[in-house]
Amino acid sequence: MKAKKTSANSGATLALFEDPPRPAREALGTGAFVLPGFALPFVDELLPAIRSVAEAAPFRHLVTPGGFTMSVALTNCGALGWTSDRRGYRYSATDPDSGKPWPTMPEPLARLAREAASAAGFDGFSPDACLVNRYAPGARLSLHQDKDERDYGAPIVSVSLGMPAVFLFGGHVRTDKAVRVPLVHGDVVVWGGEDRLRFHGVLPLKDEPHPLLGAVRINLTFRKAG
Ligand code: MD3
Ligand code: FE
């Protein structure tokens with residue numbers, strides 16, 4: 001009796017220091033959903049898979065058509081990869097640095113993308129491109145739209161790993177006020193329907209090293225590009 005009471009009390013005391021529980025699915029718009037922690041059960045398979053992609057197609061800092069070097073480093077896997085240079089943005093079947101096809105999309109990545117899309121109400125998602133963004137402290141992504149894909153009917157699935165970030169979820173015009181969405185290791189966001197073409201970006205990353213990845217944030221975005 002006494003022991004039981006003590007353990008119930010200590011549980012209640014500890015609960016004061018815990019983060020409030022997060023819902024399984026949080027709507028940002030009619031077609032945009034945060035799935036907190038959805039990728040956590042996949043992490044052990046994702047990290048070695050990402051490492052092998054980066055070995056075959058190393059991270060690089062692309063130059064924009066305007067001549068700016070991006071602070072975010074990028075590589076790709078899948079049939080198509082996104083690239084940029086002074087001539088423009090485009091998807092290509094080969095890595096311009098090596099002339100070789102992009103690494104195949106590892107099965108655990110493809111499975112995570114399909115299951116997350118399905119959990120957000122987009123069944124049958126079959127991405128042909130996975131952009132892998134790598135952020136160091138201070139790296140940012142200014143407001144933009146993802147418009148280089150052929151079919152805006154398919155959603156985009158985004159997976160956050162490592163250091164936390166503040167995501168900016170804007171409107172359909174660049175000057176629309178953007179909502180700030182904190183994203184942590186394991187969070188997945190799915191964007192489709194009328195939210196697919198919203199402006200979005202990432203605030204400069206703080207230096208808050210992650211226990212598993214160190215001072216790095218990795219973001220995977222899965223797309224149907226071709
Ligand atoms: C909202 N990456 O690679 S993913 C990108 O965290 C990109 O690295 C960010 O934006 C990152 O293009 C954010 C989230 C994302 C992707 C596509 C969207 C958000 C979106 C399309 C419409 C609205
Ligand atoms: Fe984007």
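This is a predicted model: local features need pLDDT of at least 70, side-chain atom pairs count only at pLDDT 80 or more; totals for chains, interfaces and linings use all residues.
Residues are numbered from 1 along each chain as its sequence is written, with chains lettered from A and ligands numbered from 1 in the order in which they are written.

Helix α2 spans residues 43-56 and comprises 14 residues. From its first C-alpha to its last, α2 reaches 20 Å, close to the 20 Å expected at 1.5 Å a residue; the expected span is 1.5 Å times one less than the number of residues. An α-helix has 3.6 residues a turn, so residues three or four places apart point the same way. The buried residues of α2 are Val43, Leu46, Leu47, Ala49, Ile50, Val53 and Ala54. Here, buried denotes under 20% relative accessible area, exposed over 50%, and partly exposed the range in between, with a 1.4 Å probe and protein chains only. Packing partners of these buried residues are the strands β3 (73-77), β6 (129-135), β8 (156-162) and β13 (217-223), together with helix α3 (107-119).

A polar side-chain atom of His200 lies 2.9 Å from an oxygen atom of ligand 1, and the corresponding distance for Arg223 is 3.0 Å. For Asp146, a side-chain N or O atom is 3.3 Å from an oxygen atom of the ligand. A polar contact is a pair of N or O atoms within 3.5 Å; within protein, one must be able to donate a hydrogen and the other to accept it, and residues adjacent in sequence count only if both atoms are side-chain atoms. Taken alone, ligand 1 exposes 500 Å², of which the protein buries 97%; accessible areas come from the Shrake-Rupley method with a 1.4 Å probe, and for residues only the protein chains shown count as cover.

Arg196 is buried, at 5% relative accessible area. Its side chain reaches the backbone oxygen of Asp146 at 2.9 Å and joins the side chain of Glu149 in a polar contact of 2.8 Å. Beyond residues up to four places away in sequence, Arg196 touches Asp146, Glu149, Tyr152, Ala154, Ile156 and Trp191, contact meaning heavy atoms within 4.5 Å. Arg196 and Gly153 are 43 residues apart in sequence, yet their C-alpha atoms are 8.2 Å apart.

A search of the whole structure for disulfides, defined as pairs of cysteine sulfur atoms within 2.5 Å, finds zero.

His210 is situated between β12 (200-202) and β13 and is buried, with a relative accessible area of 14%. The His210 side chain reaches the backbone nitrogen of Leu213 at 3.3 Å. Apart from neighbours within four places in sequence, His210 contacts Gly162, Met163 and His185.

Gly78, in the loop between β3 and β4 (81-85), is buried at 9% relative accessible area. With neighbours within four places in sequence left aside, Gly78 is in contact with Trp102, Pro103, Thr104, Met105 and Asp128.

The loop between α2 and β3 contains Thr64 and Pro65. Thr64 is buried at 15% relative accessibility, whereas Pro65 is partly exposed at 28%. Leaving aside neighbours within four places in sequence, Thr64 contacts Met70, Ser84, Asp85, Arg86 and Tyr89, and Pro65 contacts Ser84, Asp85, Arg86, Gly88 and Tyr89.

How values were computed
Side-chain values use heavy atoms; hydrogens and water are left out. Helices (H or I, at least four residues) and strands (E, at least two) are DSSP runs, numbered from the N terminus.
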